[in-house]
Amino acid sequence: MYLRDMSLRHFRNYESVDMTFKNGINILLGKNAQGKTSLLEAIYVLALARSHRTSSDRDLINWDATAAQVLGCVQKQSTSVPLELDLGKTGKRAKVNHLEQAKLSQYIGQLNVILFAPEDLSLVKGSPQVRRRFIDMEFGQMNSRYLYNLSQYRTILKQRNRYLKELRNHKQSDLVLLDVLSDQLAAFGAEIIFERLKLLKELEHWAAAVHKEISQGKERLTFKYVNPLEPEQLASTDSIYEGLKALFEQKREKELFQRTTLFGPHRDDLQFFVNDKNVSTFGSQGQQRTAALSVKLAEINLMKEETGEYPVLLLDDVLSELDDSRQTHLLTAIQDKVQTFLTTTSLSGVARQLIHDPKVFHIENGKLLE
Amino acid sequence: MQYPEPIAKLIDSYMKLPGIGSKTATRLAFYTLDMDEEDVNGFAKSLMSTKKDLTTCSICGNITEQDPCEICRDKTRDQSQVLVVEQVKDIMVMERMRDFHGLYHVLNGVLSPIEGKGPEDINIASLLKRLQVNKEIHEVIVATNATPEGEATAMYIARLVKPAGIKVTRLAHGLSVGSDIEYADEMTLSKAVQGRTEI
């Protein structure tokens, strides 16, 4: 799939802009603080109905306006789908093919994007939260069931945490309700963990291949999903469910003491190993970057497998962070397959000989200079 | 210029209703000014009487003029089934269906710790007491909404009631009648497949 065109109204520093893109490499060129990343952000918002930079939609709306609008047309293999997202003070409305969608989960997934920003290089080294967020964002795009389970899980988690607090403060005393909430949480948690394991296995397969190539066959990349359950308990959703329930049962006192839910997908982590050594502790900076890049490139292939279409790739100032051989790898991997948007302050830093005929947009102060 | 006091007060009163802001309230207030005195009197009387003449049924929690309510008094209804709903409004919906002839129980909310609603804050204790006293009841049908909170409430009731040997059932999830499969969302479809019935 690729994004054919996009229009912005009152989005960030863009008053009104209409642009047509190339199914290939699009370069967004401009000095600092002119709105390059805001354009990438707009594409991201069009795809996922939320920003990667801010959790408040208000920040996306131009300071002088009360509402913002992002419109775009996605070209898929046989059809084109117009998407529209209206961001207002009170909420957002999402339209697919001019029809308003009651649930955002029905909107998300129409346009698949993968964003690669400098902070993604810390995927390996950063906190577990970064990796969980990564897992949830990517898998949620591919699988609307995953997204649904996740949102239910989060609601119940909030209820359960609040209830643990109230039990501890003696405002409530009924342990049957805690059991019920544990049961519900374990059921949705099991679905999420099972789906994660399945998709991570596929992602690992692709990432290992990319990593092997970049390291010229010297390094073997593997994943490990870190979770308190025994390996044999992870075999099916039923056994995960039973396992989580048993944990909630055994560690009730501890959870009550800490007033929060200590087990479940919201506490799990993902670790990366190169030649059986944990990259985040034993890997060099270069290995960590290579691992992060491999995972990101693997996502492109996984998404193609899961959805039947290549996603749109957004590269926010990444090329300057990568050395020549990694740049070459990245660019050859995406060349002629994946529509790519990349931001840069100058064309000289980009390995131009590798980019065939890009479309260049000059950006200055929220406007396009042709 | 300010509005005269009676009109200002009326606008203020209308604004207390849900979904009504200052503009609508002003429009309604001026409309009231043009209404026949008789109609306005009737309106005022109905407002007063909702507070004065209505109480909640001591058995099921329904609103009623006379305690116990019409449904609880009606001995021709099936005394073995109790349908548990979240709100009084839901009873009216169920009654419109005309297919259920048992009794009701209104919870007046669902279990939601975030909103400060625990088991003691909704009418679960009165349901349990009712089941203890009334040995005729053999089935409790839980008709809470298909939200996480509605599900939690249903599961909670099941845990407490089942050990007493009373059957607990839950409304089915699935396709709405007369709709196209094409337009159903994936979760509804998946529930419909899970809850399929043999023909």
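In this predicted model, the side chain of A:Gln34 reaches the backbone oxygen of A:Asn32 at 3.1 Å. Such a polar contact is a pair of N or O atoms within 3.5 Å; within protein, one must be able to donate a hydrogen and the other to accept it, and residues adjacent in sequence count only if both atoms are side-chain atoms. The model is predicted, so that local features need pLDDT of at least 70 and side-chain atom pairs count only at pLDDT 80 or more, while totals for chains, interfaces and linings use all residues. Residues are numbered from 1 along each chain as its sequence is written, chains are lettered from A and ligands numbered from 1 in the order in which they are written, and side-chain values use heavy atoms, with hydrogens and water left out.

A:Gln34 is found in the loop between strand S3 (25-29) and helix H1 (36-48) of chain A. Helices (H or I, at least four residues) and strands (E, at least two) are DSSP runs, numbered from the N terminus. With a relative accessible area of 16%, A:Gln34 is buried; the word buried means under 20% relative accessible area, exposed means over 50%, and partly exposed lies in between (1.4 Å probe, protein chains only). Not counting residues up to four places away in sequence, A:Gln34 touches A:Asn13, A:Tyr14, A:Ile363, A:Glu364, A:Asn365 and A:Gly366, where contact means heavy atoms within 4.5 Å.

A:Gln34 is one of the residues that the UniProt annotation "binding site" (unreviewed entry) covers, and A:Thr37 is another. UniProt positions are given in the numbering used here, feature names are shortened, and annotations may be inferred rather than shown by experiment. A:Thr37 is found in helix H1 of chain A. It is buried, with a relative accessible area of 18%. Its contacts, leaving aside neighbours within four places in sequence, are with A:Arg53, A:Asp316 and A:Thr343.

Further along chain A comes helix H4, residues 144-168. The expected span of a helix is 1.5 Å times one less than its number of residues. For the 25 residues of H4(A) this gives 36 Å, and the end C-alpha atoms are 36 Å apart, which agrees. At the start of H4(A), a side-chain oxygen of A:Asn143 reaches to within 3.0 Å of the backbone nitrogen of A:Arg145. A:His170, whose phi is positive, near 60°, follows the helix.

Helix H5 (residues 175-214) of chain A contains A:Ile192. This residue is buried, with a relative accessible area of 0%. Leaving aside its neighbours within four places in sequence, A:Ile192 is in contact with A:Tyr146, A:Asn149, A:Leu150, A:Tyr153 and A:Pro265. A:Ile192 and A:Leu147 are 45 residues apart along the chain, and their C-alpha atoms are separated by 9.1 Å.

H4 of chain A also bears on chain B, being included in what covers the buried residues of H8(B). In that helix (residues 186-194), B:Met187, B:Ser190 and B:Ala192 are buried.

The domain assignment of chain B gives domain 1 (5-53) and domain 2 (61-170), with bounds that come from an automatic or database domain assignment. The C-alpha centres of the two domains lie 34 Å apart. B:Ser22 has its place in helix H2 (residues 22-34) of chain B. At 42% relative accessibility, B:Ser22 counts as partly exposed. B:Ser22 and B:Asp12 are ten residues apart in sequence and 8.1 Å apart in space, C-alpha to C-alpha.

The UniProt annotation "zinc finger region: C4-type" (unreviewed entry) covers residues 57-72 of chain B. Over these residues the chain is 19% helix and 12% strand, and the end C-alpha atoms are 8 Å apart. What separates B:Cys69 from a bond with B:Cys60? The sulfur of B:Cys69 is 3.7 Å from that of B:Cys60, the closest cysteine sulfur, which is too far for a bond. A disulfide is a pair of cysteine sulfur atoms within 2.5 Å, and the structure holds zero disulfides over all chains. B:Cys69 is buried, with a relative accessible area of 1%.

Over residues 80-176 the chain is 35% helix and 18% strand, and the end C-alpha atoms are 28 Å apart.
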